[in-house]
Amino acid sequence: MIGIYFSGTGNTKFCVERFLQYYGDTIDVFPVEEERAITALCDATEILNGYPVYYSNLPKIVRDFITKNSSLFAGKKIYIIATMGLFSGDGAGCGARLMRRCHAEILGGLHVKMPDCISDEKALKRTSEQNRKIIQDADKKLKDAAESLKAGKPVREGLGLGSHAAGLLGQRLWFYTKTPKYSSRLKIDPGKCIGCGKCMSLCPMENITIREQKALPHAKCTMCYRCVNRCPVQAITLLGIRVYEQSSVEKYL
């Protein structure tokens, strides 16, 4: 089994790697924004697909990757890990329904709570101790799920009708406009920006350019928060108006 994933601040990458560590001997993982993910998808028969959940839906970059490479999913066996900060509903189910239309077989699904990465919303912040406990709990859940899959009894979180209703009524109906398109809401404060180019190099969408020694956002943000959490001068925001805490999974390991 190989891992194909999308991860903004490292949460989903951590989960995919840990699951594969517990499931087998090798850890081969490929981010969807790199061409080598397509080659890996072609060659593999069993795939662990990991992504974060935004408003109980797929990130646009993940949906586009699956749709663009739909023929490559045919006949593959897929296990899905959906990571979340608070609520998922049918996060795994969203990807499962799309991949079933590509004629893939869904082995199971897992929802994993991880530290919140939305660094410009104060209400979502937790203490470092709480985040470390969240990762410890996630690690145990990943180990148990990998063992269950090896035993032929895969976890199937988020794949049933009840989960579908929870995701639809809990968030997707109310926030549907947040996810079908890429966002133009990314903001970079020119007074803070030092033009280092880090955000430009990190962006999976190539949505940021440097002009006159300042970073300039465009209208193709997939809301991964990678640039917001890595900016050395906290010049970037997306949903909020200021950065309260920059997050990455490494802070809590």
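In the predicted model described here, the side chains of Asp-90 and Arg-97 meet in a salt bridge with an N to O distance of 2.9 Å, a salt bridge being defined as a side-chain nitrogen of Lys or Arg within 4 Å of a carboxyl oxygen of Asp or Glu. Residues are numbered from 1 along each chain as its sequence is written, and side-chain values use heavy atoms, with hydrogens and water left out. Because the model is predicted, local features need pLDDT of at least 70 and side-chain atom pairs count only at pLDDT 80 or more, while totals for chains, interfaces and linings use all residues.

Over the whole structure, the search finds 13 salt bridges. Side chains of opposite charge can pair when their charged atoms come close. One of these bridges joins Lys-13 to Glu-17, with the closest N and O atoms 2.8 Å apart, and the two residues, being 4 residues apart in helix H1, are separated by about one helical turn. An α-helix has 3.6 residues a turn, so residues three or four places apart point the same way.

The structure holds 3 aromatic pairs. In one of them, the ring centres of Phe-19 and Tyr-23 are 6.1 Å apart and the ring planes stand at 25 degrees, so the pair is stacked, given that rings of Phe, Tyr and Trp (its six-membered ring) pair if their centres lie within 6.5 Å and that planes under 30 degrees apart count as stacked, over 60 as edge-to-face and the rest as tilted. Phe-19 is buried at 0% relative accessibility, while Tyr-23 is partly exposed at 22%. Together with Tyr-79, these two residues form one aromatic cluster.

At the level of the chain, 9 helices and 9 strands are assigned. The radius of gyration is 18 Å, close to the 18 Å that the globule rule gives for 253 residues, so the chain is as compact as a globular protein of that length; the radius is taken over C-alpha atoms, and the rule is 2.2 Å times the number of residues to the power 0.38. Along its principal axes the C-alpha trace spans about 55 × 40 × 40 Å. Of the 253 residues, 52% count as buried, and among contacts with a separation of 6 or more, 74% are accounted for by residues 24 or more positions apart, contact meaning heavy atoms within 4.5 Å.

Burial can be followed in individual elements. In helix H3 (residues 60–68), Lys-60, Ile-61, Val-62, Arg-63, Phe-65 and Ile-66 are buried, and the cover over the buried residues of H3 includes strand S1 (2–5), helix H2 (36–43), strand S3 (46–52), helix H4 (70–73) and helix H5 (91–100). Within helix H6 (residues 128–150) lies Ala-138, which is buried with a relative accessible area of 3%. Leaving aside neighbours within four places in sequence, Ala-138 is in contact with Val-112, Lys-113 and Met-114. Although 120 residues separate Ala-138 from Arg-18 in sequence, their C-alpha atoms are 9.7 Å apart in space.

Ser-247, in the segment after strand S9 (236–237), is likewise buried, with a relative accessible area of 5%. Not counting residues up to four places away in sequence, Ser-247 touches Thr-9, Asp-116, Cys-117, Lys-125, Asn-229 and Tyr-252. For one of these residues, Asp-116, the backbone oxygen lies 3.4 Å from a polar atom of the Ser-247 side chain.

Methods: Buried < 20%, exposed > 50% of the residue type's maximum accessible area, 1.4 Å probe, protein only. Polar contact = N/O pair within 3.5 Å; in protein donor to acceptor, adjacent residues only side chain to side chain.
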